[in-house]
Amino acid sequence: MNDLADVINPDLLPPLLQDFERLIGLAATLDLVRAHGGLRIFVPTLARVTPEHPLAKIIGFGPLQELAKVYGGEAHFPLPKAEKALLAVRNARICNAYATHKTVRELALEHRLTERQVERIVAGAGVTAPPNRRQGSLF
């Protein structure tokens, strides 16, 4: 998921994840969301952070220490899924692929969407197929 860190707009993240992004960086935040988004998590106190901790294996020991300084020992809290931000990235990738080389059908299969959903995404963004894929004039 680290490749998303290059294209995602942190402003689309929920406030909690924006704070995580400020503390540990966008790539580590997105790794945590991929692993535990939508679930309740517990960040250990700084004294209990070890390199073997399950969260340290996902985001790294240093980033977990940073999270523990702020969130360590708090009650379990839900980790947002960041759906809005992830959908924005997915839709941008669909639009780019459609505008350059892929068909609606190919994109629907690749993203597990219906063809109509892909059509709505590209139409909503005002994207058109490249000239070599458009139907020629009938007359």
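Which residues are exposed on the other side of helix 1? The structure is a predicted model, in which local features need pLDDT of at least 70 and side-chain atom pairs count only at pLDDT 80 or more, while totals for chains, interfaces and linings use all residues. Residues are numbered from 1 along each chain as its sequence is written, and side-chain values use heavy atoms, without hydrogens and water.

Helix 1 spans residues 15-24 (helices are DSSP runs of H or I of at least four residues, strands runs of E of at least two, both numbered from the N terminus). Leu17, Asp19, Phe20, Leu23 and Ile24 are buried in this helix (under 20% relative accessible area; exposed is over 50% and partly exposed in between, with a 1.4 Å probe and protein chains only). Seen down the helix axis, the buried residues of helix 1 fall within an arc of 155°, so they line one face (the arc is that of the directions from the axis to the C-beta atoms). Pro15 and Arg22 are the exposed residues on the other side.

Phenylalanine 20, at 0% relative accessibility, counts as buried. Three aromatic pairs were found in a search of the whole structure (ring centres of Phe, Tyr and Trp, the last by its six-membered ring, within 6.5 Å; planes under 30 degrees apart are stacked, over 60 edge-to-face, the rest tilted). One of them joins phenylalanine 20 and phenylalanine 77 edge-to-face, at 6.4 Å centre to centre and 85° between the planes. Phenylalanine 20 lies in helix 1 and phenylalanine 77 in strand 2, so the pair ties together parts 57 residues apart in sequence. Phe20, Tyr71 and Phe77 form one aromatic cluster.
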